[in-house]
Structures are given as C-alpha cells and as structure tokens.
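Q: I would like to learn how to read a two-chain model, starting from where the chains meet. Please give the rule for each feature and then the case.

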Amino acid sequence: MMVILYFFVVNKAGGLMLQRTYSDRAPRLSQNDYLHLASTFHGMQLLAAELSPNSYSSPNVFSGIKRIQGVGFSLYALSTATGLQMFVTSDSHSDKMHEFLADAYSSYSDFVMKNPFYEIDMPIRSELWDDHLKALVEKYNKITP
Amino acid sequence: MMAIYCMYIFDRNGNCLLYREWNRTRLRVDIAGEEKNLYGMLFALCNFCRQLSGHDSTSSGLHFYETGSYALHYYQTLTGLRFIMMTNPKIANFDVVQTLKHIYESIYVQYTSLNAFYTHNTSVSNQSNCAENSELIKHLDSHIKSLSIYS
C-alpha cells in the first residue's frame with residue numbers, strides 16, 4: 001500500500017508556498033528545513049535542465065526533474081508554465097502520482113488562483129484547498145497498490 | 001533506440017575520473033563547468049534525499065531521477081566513488097543502478113585497484129599514461145554495448 005508522505009508547493013523564486021505532511025511515517029523536520037528543501041529543489045530543477053545530454057528537440061519537452069527514486073521514498077514533481085512547482089513524496093513507486101499532481105494543480109487553480117484576495121507567489125492559506133487536498137490524498141492512498 | 005547517452009565517474013573530491021559518451025546530441029561547451037555542476041548538484045540531491053527519507057544511513061539516498069529529456073542513474077560506493085549514467089527516460093524496468101554496481105565491481109576495480117601501476121584517484125581516460133586504462137575503456141564499451149537497452 002502506497003502512502004503519500006509530503007506535499008510541497010514552491011514558487012518561481014524558490015520560496016515555499018505550502019508544505020503539508022500526510023503521514024506519520026514521514027520524518028518530522030523543522031519549518032526551516034522545509035524552506036531549505038524547497039529552495040534546494042528549485043535550484044536542482046534548473047541545474048538538471050542545464051545538464052541534459054540532449055539538445056531540446058522540441059520546446060514542449062520539459063527538462064526539469066519529474067521523478068526522483070530515492071532509498072525508501074519516491075518523489076514526483078510537476079512544473080507549470082508559470083514557474084510554479086509542486087512535488088509530492090510517497091514511500092513507494094506508483095504511476096498514479098502524476099495524476100495526483102494534475103488533480104492538485106487543478107484544485108489549486110480553483111481554490112487559490114480564483115480567490116481575489118490571494119497574492120501571487122505568497123504562502124497559501126486556504127482552508128478549502130487544504131480540505132480538498134486531504135480528500136485527494138485519501139483517495140490516492142486507497143486506489144494505489 | 002540508442003538508450004544510453006553517456007557516463008561519468010567521479011572521485012569523492014569531485015574530480016571527474018572518466019567520461020564516456022555513446023549517444024549524445026548536445027555538445028559539451030564548458031567541460032570543467034559541466035563536471036562541477038554535475039558533482040555539486042548530485043551532492044545536494046543526495047543530501048536532499050537523505051533528509052526526506054529519514055534514514056540517516058550510509059547509503060547515498062538516491063537511485064535515479066528522471067526528467068523530460070533524460071534519466072540519470074547514480075551509484076555511490078562506500079569509498080565515495082560516484083558512477084553516473086544518463087539514459088533515455090523511457091527505459092522502464094531496467095535496473096541501471098545494478099549495471100553501474102557491476103561495472104564498478106567487475107571492470108573498474110579490476111583495472112584500477114588491482115593494477116599495481118595505477119595511482120589512486122587519478123583519471124582513467126585515454127590521455128593518461130597507463131596502458132591498462134585503454135583496456136578498461138574497451139571492456140566498459142563492450143559491456144555497455146552488450147546490454148539489452150543499448151539499442
């Protein structure tokens with residue numbers, strides 16, 4: 001049974017906009033650690049694109065990191081055209097995580113972007129989106145093997 | 001399909017000991033800069049992975065990562081030698097990290113540590129004096145070409 005551990009949203013400058021922990025199995029880190037992880041991830045996306053051994057054959061191929069397979073966890077990342085990055089960690093591999101990210105992004109555009117009081121690239125505080133994300137996490141925890 | 005693009009070997013200080021390419025479309029313009037970037041990025045990525053996984057073990061924390069245009073597979077030995085292979089991102093179900101481990105154990109160790117004339121942590125590319133280095137590269141090439149994912 002795959003369990004989702006963390007969910008991060010990072011803005012185009014590398015600043016952390018949202019961080020949620022969805023399982024007790026996820027290691028407890030400090031807020032400072034989360035900020036550091038978010039900006040490191042952002043930097044790594046740029047470097048990974050730089051280090052590609054292939055020239056960009058088509059402009060639609062995104063050369064940043066999409067998936068990381070580590071020891072004991074898997075990370076899946078979504079990068080949007082506006083520079084926003086979302087990544088989710090789970091304790092085992094599943095192909096469904098890219099769908100989870102697509103769903104999370106679509107609900108982000110509904111609950112966060114369509115909120116007239118939300119300032120772009122600022123940390124996100126939306127109870128409605130939090131509830132929606134929690135429901136999404138529960139749904140994906142159930143349907144993945 | 002030509003799935004394997006290139007390979008790097010780094011020592012624990014960040015010096016590139018070997019670079020081989022089999023199928024790469026982008027030219028290397030700034031070689032030293034690229035090697036520094038690669039080593040530094042993997043160092044940061046391994047720390048990132050170690051922190052996220054919670055196991056503070058001796059393992060490097062990273063197996064591989066995938067981008068839109070390539071996949072990078074990583075194997076780190078206990079002595080800090082880093083074996084990196086860049087491949088096509090679509091090779092599913094092939095454990096490249098095991099291949100890297102095999103390359104280390106059966107090819108690299110044979111021609112370096114077991115070679116009395118080899119100075120530790122020096123480059124193994126063709127330019128250096130050691131004749132055994134060309135043997136290493138020959139064996140490496142034939143091993144890579146024999147892999148099922150190579151073509």
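A: The turns below go through the interface, then the strands, then the side-chain pairs.

A: The model is predicted, so local features need pLDDT of at least 70 and side-chain atom pairs count only at pLDDT 80 or more, while totals for chains, interfaces and linings use all residues. Residues are numbered from 1 along each chain as its sequence is written, chains are lettered from A and ligands numbered from 1 in the order in which they are written, and side-chain values use heavy atoms, with hydrogens and water left out.

Q: How many residues of chain A are in contact with chain B?

A: Contact means heavy atoms within 4.5 Å. On that rule, 34 residues of chain A touch 30 residues of chain B.

Q: How much area do chain A and chain B bury between them?

A: Buried area is the accessible area (1.4 Å probe) that two parts lose on being put together, summed over both. Here the figure is about 3,000 Å², with 66% of it on carbon and sulfur atoms. On the chain A side, the most area is lost by Leu51(A), Pro53(A) and Val71(A), which together account for 24% of what that side buries.

Q: Which polar links cross the interface of chain A and chain B?

A: A polar contact is a pair of N or O atoms within 3.5 Å; within protein, one must be able to donate a hydrogen and the other to accept it, and residues adjacent in sequence count only if both atoms are side-chain atoms. There are 14 residue pairs of this kind across the interface, both residues at pLDDT 80 or more.

Q: Which element gives the largest share of the side of chain A that touches chain B?

A: Helices (H or I, at least four residues) and strands (E, at least two) are DSSP runs, numbered from the N terminus. H1(A) supplies nine residues, the largest share.

Q: How does strand S3 of chain A run relative to S3(B)?

A: Two strands pair if DSSP finds at least two bridges between them. S3(A) and S3(B) (residues 62-67) are antiparallel and joined by five bridges. In this pairing Arg67(A) stands opposite Glu66(B).

Q: What else links Arg67(A) and Glu66(B)?

A: A salt bridge, defined as a side-chain nitrogen of Lys or Arg within 4 Å of a carboxyl oxygen of Asp or Glu. The closest N and O atoms of Arg67(A) and Glu66(B) are 3.8 Å apart, and the rule finds one salt bridge across this interface.

Q: What does S3(A) pair with inside chain A?

A: S3(A) pairs antiparallel with S4(A) (residues 74-79) over three bridges, Gln69(A) having Ser74(A) as bridge partner. The two strands form a hairpin with three residues between them, and Gly72(A) in the turn has a positive phi of about 85°.

Q: How many bridges join S4(A) to S5(A)?

A: Six, again in the antiparallel sense. Tyr76(A) faces Val88(A) across this pairing. Five residues lie between the strands of this hairpin, where Gly83(A) takes a positive phi near 95°.
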